[in-house]
Amino acid sequence: MTLSLEGVGVRYPDGQALTDVDLVAVPGRPHFVIGGSGSGKSTLCAAVTGLLPGSATLTGKVSVEGHPRPRRGSVIGVVPQSAMTCFTPVRRLGGQLAETVRHLRGERGPEELLALVGLEASALKKYPHELSGGMVQRAAIAAALAGDPPVVVADEPTSALDRDRARDIVALLTGLGRDRVVLVTTHDLGVLPDDADLTVMLASRVVETGRAAEVLTAPEHAYTRDLLAALPENGLNPLPTDRHYGS
Ligand SMILES: Nc1ncnc2c1ncn2[C@@H]1O[C@H](COP(=O)(O)OP(=O)(O)OP(=O)(O)O)[C@@H](O)[C@H]1O
């Protein structure tokens, strides 16, 4: 089972957000997409999950092997960028998860789903605001798993978390990726697992791909080198604003 993007382009009325993107993600190897703000990461997720706005034009092909019409929820689970706002604030988590399970005819109940993401059943009685940022992110992943989808797409699931919590969430998603396709976008190069597949995006295009450990130790593209140099542990060097990277 494979998630494939072949020559995918997305155009919004104001301009091109994805250009000729090829990507293959397979179970057993989580696939991370990194790139600066506006490089097209969220648009890529929306193209995969079928959540592009009506104003967008999609070209090329997105496919999930064995699923000619991949349904959101049961084939592609979506972990949204802002987990806190994906739950209704005025209802307890348990009821919201139970509703998602019913809708998707899931086989796992809310308690079992929470166990999958390392949360205690007591969280079911809580309102979203009574959970920490990391717990809400885990709950959002639990909701994405309600229909037991073979593909999970998480758009910047760590952006609201500190480095340690971010690492925990990445470890959780990586674990889920053992028998599923897991596609994750992030700004945070510091949390990438070495054995993940990595796609680097710049200005709507893929500029580099490879195994994370290799790309991060021997980046081929100047933009990837600049992203690495901007990490706190590498000196927090600002991304050059005047560099022309070519393609
Ligand atoms: N709904 C939309 N309508 C019009 N243009 C959009 C829309 N969503 C995104 N864009 C544009 O598409 C381009 C790519 O945006 P996108 O959100 O995919 O980037 P990103 O890499 O996810 O950025 P960030 O890291 O800041 O979330 C940007 O130029 C953005 O302004």
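Helix H5 passes helix H6 in a right-handed crossing, the near helix being turned clockwise from the far one by less than a right angle, where helices are DSSP runs of type H or I with at least four residues, strands are E runs of at least two, and both are numbered from the N terminus. The model is a predicted one, in which local features need pLDDT of at least 70 and side-chain atom pairs count only at pLDDT 80 or more, while totals for chains, interfaces and linings use all residues. Residues are numbered from 1 along each chain as its sequence is written.

The axes of H5 (residues 133–144) and H6 (residues 163–176) come within 10 Å and cross at roughly 15°, with axes fitted to C-alpha atoms over the stretch in contact and angles running from 0 to 180 degrees between N-to-C directions. Gly133, Gly134, Gln137, Arg138 and Ile141 of H5 make the contact with Arg165, Asp168, Ile169 and Leu172 of H6, contact requiring C-beta atoms, placed from the backbone, within 7 Å.

The ligand is surrounded by 13 residues, the closest being Tyr12, Ala17, Ser37, Ser42 and Thr43, where a residue is near if its C-beta atom, placed from the backbone, lies within 6 Å. Helix H1 (residues 41–49) supplies the largest share of this shell, three residues.

Overall, the protein has eight helices and nine strands, and its C-alpha atoms fill a box of roughly 50 × 40 × 35 Å along the principal axes.

Technical notes: Contact = placed C-beta atoms within 7 Å.
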